[in-house]
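Hi everyone, thanks for coming. Let me put the structure up.

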Amino acid sequence: MAIKKGDFVHAVREKLENSLEAKASDSRFSPYLFETKGEIMELRGDYALVKFGQVPTPNIWLRLDQLEAA
């Protein structure tokens, strides 16, 4: 099933760790990325802007292959 705007997702730890994104910044990811639902706000190419609304955090761009339906 393809991810689309408005879907709820969470990050897949195995695909996010050791990724280019992890190497470009702090690789210690907050648990909320994996444990809470995030909503797809926008899609651009292979990336999705995800809003995690249960915690006060900024929206984050993640690759679609690093996400799965929540």
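Predicted model: local features only at pLDDT ≥ 70, side-chain atom pairs only at ≥ 80, totals over all residues.

Let's start at the hairpin: S2 and S3 form it with 2 residues between them, and in the turn Gly 45 has a positive phi of about 60 degrees. Residues are numbered from 1 along each chain as its sequence is written, and side-chain values use heavy atoms, leaving out hydrogens and water.

S2 covers residues 38-44 and S3 covers residues 47-51; they run antiparallel, joined by 5 bridges. Two strands count as paired if DSSP finds at least two bridges between them. Arg 44 has Tyr 47 in S3 as its bridge partner.

Now, which residue in S4 is the bridge partner of Tyr 47? That is Arg 63. S4 spans residues 60-63 and pairs with S3 in the antiparallel sense over 4 bridges.

Over to S1, residues 8-11: this strand pairs with S2, again antiparallel, over 2 bridges. Here Val 9 stands opposite Gly 38 in S2.

Putting it together, we have an open sheet of 5 strands in the order S4-S3-S2-S1-S5, with antiparallel pairing. S4 and S5 (67-69) are the edge strands, each pairing on one side only. From one strand to the next, the twist averages 50 degrees, with axes fitted to C-alpha atoms and angles running from 0 to 180 degrees between N-to-C directions.
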